[in-house]
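Trainee: I have a model open here and would like to talk it through with you. Could we go over it together?

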Amino acid sequence: MTYEEYLSNMKPGYIVDAGSEEHLVMHELSQRALKITMELNNKYHTKEEIVQLMSELTGQKIDESFGMFPPFYTDCGQNIHMGKNVFINAGCKFQDQGGIYIEDGVLIGHNAVLATINHMEDSEKRAGMIFQPIHIEKNVWLGANVTVLPGVTIGEGSIIAAGAVVTKDVSANMIAAGVPAKVIRKIKKDTMRCVAR
């Protein structure tokens with residue numbers, strides 16, 4: 001199985017069984033991602049070099065407006081899709097086999113985790129994996145140490161407070177916090193208060 005064939009299968013609900021041909025390709029992609037992120041994380045790079053390394057990692061042209069403070073970690077890289085004016089702060093971890101879609105203007109705080117894989121519930125099949133995408137819509141702000149779980153969409157303009165674990169969708173222009181994250185209130189357009197840090 002080629003990388004292209006494997007990547008074309010990465011759709012919602014796709015299952016990879018432990019030890020399967022797909023699982024072996026998954027590990028090969030992980031090794032590729034480790035090599036690129038080691039380069040990214042272990043010496044200083046200019047903004048332009050970071051954009052180039054992220055383009056190589058994702059296999060897509062990353063816009064020059066992209067910003068990042070490494071280190072950054074991923075175990076695939078090929079299923080990350082990013083808009084313009086995205087900023088990712090230090091220590092973030094993306095598990096992107098199921099697809100991570102980040103729209104324009106998104107801010108992602110320190111140590112955020114975006115995970116798109118669940119293991120099977122049946123203990124005898126536990127090593128098997130189910131893929132579900134994450135969608136982060138325009139102008140969302142994820143605070144430090146936020147975790148977003150498989151299948152979640154965070155609506156345009158929303159804020160996820162620091163330390164939250166997002167287990168279900170958040171509507172547009174809401175503030176959500178807690179474990180599991182719950183919507184606290186609608187965003188006030190005239191507020192100057194910082195919520196997520």
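Trainee: How far does helix H2 reach from its first C-alpha to its last?

Mentor: Happy to start there, after a word on the source. This is a predicted model, in which local features need pLDDT of at least 70 and side-chain atom pairs count only at pLDDT 80 or more, while totals for chains, interfaces and linings use all residues. Residues are numbered from 1 along each chain as its sequence is written, and side-chain values use heavy atoms, with hydrogens and water left out. Helices (H or I, at least four residues) and strands (E, at least two) are DSSP runs, numbered from the N terminus. H2 covers residues 21–41, 21 residues in total, and the expected span is 1.5 Å times one less than the number of residues. That expectation is 30 Å, and H2 comes close to it, with a reach of 30 Å.

Trainee: Within what arc do the buried residues of H2 fall, seen down its axis?

Mentor: Buried means under 20% relative accessible area, exposed over 50% and partly exposed in between (1.4 Å probe, protein chains only). In H2 the buried residues are His23, Val25, Met26, Leu29, Ser30, Ala33, Ile36, Thr37 and Leu40. Taking directions from the helix axis to the C-beta atoms, these buried residues line one face of H2, because they fall within an arc of 150°.

Trainee: And which exposed residues does the face turned away from the buried side carry?

Mentor: On that face of H2, the exposed residues are Leu24, Gln31, Lys35 and Met38.

Trainee: Is glutamine 97 buried or exposed?

Mentor: Glutamine 97 sits in the loop between strand S6 (92–95) and strand S7 (100–102). Among the residues touching glutamine 97 are Met26 and Ser30, where contact means heavy atoms within 4.5 Å. Its relative accessibility is 1%, so glutamine 97 counts as buried.

Trainee: Which strands stand at the edges of the open sheet of four strands?

Mentor: Two strands pair if DSSP finds at least two bridges between them. The sheet has the order S4-S7-S12-S15, with parallel pairing. Two of its strands each have a single partner, so one side of each is left without a neighbour in the sheet: S4 (80–82) and S15 (153–154).

Trainee: Which side chain meets glutamate 39 in a salt bridge?

Mentor: A salt bridge is a side-chain nitrogen of Lys or Arg within 4 Å of a carboxyl oxygen of Asp or Glu, and a search of the whole structure finds one. Glutamate 39 is partly exposed, at 33%. At 3.4 Å, N to O, its partner is lysine 43.

How values were computed:
Lists of a residue's contacts leave out its neighbours within four places in sequence.
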